[in-house]
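Student: I have a model open in my viewer and would like to work through it with you. Shall we take it one question at a time?

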Amino acid sequence: MNDRILIGRKGRQPFAITAEGVSAEHAMLTRQPDGTLVLEDLGSKNGTYIFDETDRSFHRIVRKVVMPETIVRLGSTSNINVKLLSIGLNSIIY
């Protein structure tokens, strides 16, 4: 069974992300059976972005395999950046 965590205003993490520009169901983080983490935008209006260390900028994604420690921006102009830590019973973001 896949582990999945909803990220957004309706997310089930210990806190809700209620910032302007963040959708109720903004993105989903899924751990595949092989342990791979997949981040998927759920059709949010303002997009989901990941930080690319190579060119030091954010890039909009639809679905992307990500690594722990990936920095994610929710919304194009939001100051809400989260770092993926782990997935399971504990919070995955801070």
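Student: What percentage of the 94 residues in the protein chain is buried?
Tutor: Keep in mind that this is a predicted model. A residue is called buried when its relative accessible area is under 20%. Among the 94 residues of the protein chain, the buried share is 39%.

Student: How confident is the predictor, and what is the average pLDDT of the protein chain?
Tutor: A pLDDT of at least 70 is reached by 73% of the residues, and the chain average is 79. Residues 89-94 have a pLDDT below 50, yet beyond near neighbours in sequence this stretch has 21 contacts in the model. Coming back to your question, the average for the protein chain is 79.

Student: Which secondary structure pattern does the protein chain follow along the sequence?
Tutor: Start with the tally: there are 0 helices and 8 strands in the protein chain. Reading along the sequence then gives β-β-β-β-β-β-β-β.

Student: In what order do the 4 strands of the open sheet come?
Tutor: Begin with the edges, β1 (3-7) and β6 (63-66), each of which pairs on one side only. Inside the sheet, β2 (residues 27-31) and β3 (residues 37-41) pair in the antiparallel sense over 5 bridges. The pairing in this open sheet is antiparallel, and the order is β1-β2-β3-β6.

Student: By how many degrees are neighbouring strands of this sheet turned against each other on average?
Tutor: The sheet in question is the open one with the order β1-β2-β3-β6. With direction ignored, its neighbouring strands are turned against each other by an average of 20 degrees.

Student: Which residue in β3 stands opposite M28?
Tutor: Strand β2 covers residues 27-31, and its antiparallel partner β3 covers residues 37-41. In β3, the residue opposite M28 is E40.

Student: Is T48 buried or exposed?
Tutor: T48 is found in strand β4. Buried means a relative accessible area under 20%. Because the relative accessibility of T48 is 0%, T48 counts as buried.

Student: Which side chain makes a polar contact with the side chain of T48 at 2.6 Å?
Tutor: Leaving aside neighbours within four places in sequence, T48 has contacts that include H26, L39, D41, H59 and V72. The polar contact at 2.6 Å is with the side chain of D41.

Student: Is V65 buried or exposed?
Tutor: V65 is found in strand β6, and beyond four places in sequence V65 touches T36, L37 and V38. V66 also lies in strand β6, and V66 counts as buried because its relative accessibility is 5%. For V65 the relative accessibility is 52%, so V65 counts as exposed.

Student: How many Å apart are V66 and L39, C-alpha to C-alpha?
Tutor: V66 belongs to strand β6. Along the sequence, V66 and L39 are 27 residues apart. In space, their C-alpha atoms are 6.6 Å apart.

Student: Where does R56, with its positive phi, lie?
Tutor: R56 is not a glycine, yet has a positive phi of about 55 degrees. R56 counts as exposed because its relative accessibility is 56%. Its place is the loop between β4 (48-52) and β5 (57-61).

Student: And E69: what is its phi, in degrees?
Tutor: E69 lies in the loop between β6 and β7. Its relative accessibility is 48%, so E69 counts as partly exposed. Although E69 is not a glycine, its phi is positive, at about 80 degrees.

Student: Which residues does S76 touch, not counting those up to four places away in sequence?
Tutor: S76 lies in the loop between β7 (71-74) and β8 (81-83), and S76 is partly exposed because its relative accessible area is 40%. The C-alpha atoms of S76 and N46 are separated by 5.7 Å, though the two residues are 30 apart along the chain. Beyond four places in sequence, S76 touches N46 and Y49.

Notes:
Residues are numbered from 1 along each chain as its sequence is written. Side-chain values use heavy atoms; hydrogens and water are left out. Helices (H or I, at least four residues) and strands (E, at least two) are DSSP runs, numbered from the N terminus. Buried means under 20% relative accessible area, exposed over 50%, partly exposed in between (1.4 Å probe, protein chains only). Contact means heavy atoms within 4.5 Å. pLDDT is the predictor's confidence in each residue, from 0 to 100. Two strands pair if DSSP finds at least two bridges between them. Axes are lines fitted to C-alpha atoms, for helices over the stretch in contact, and angles run from 0 to 180 degrees between N-to-C directions. A polar contact is a pair of N or O atoms within 3.5 Å; within protein, one must be able to donate a hydrogen and the other to accept it, and residues adjacent in sequence count only if both atoms are side-chain atoms.
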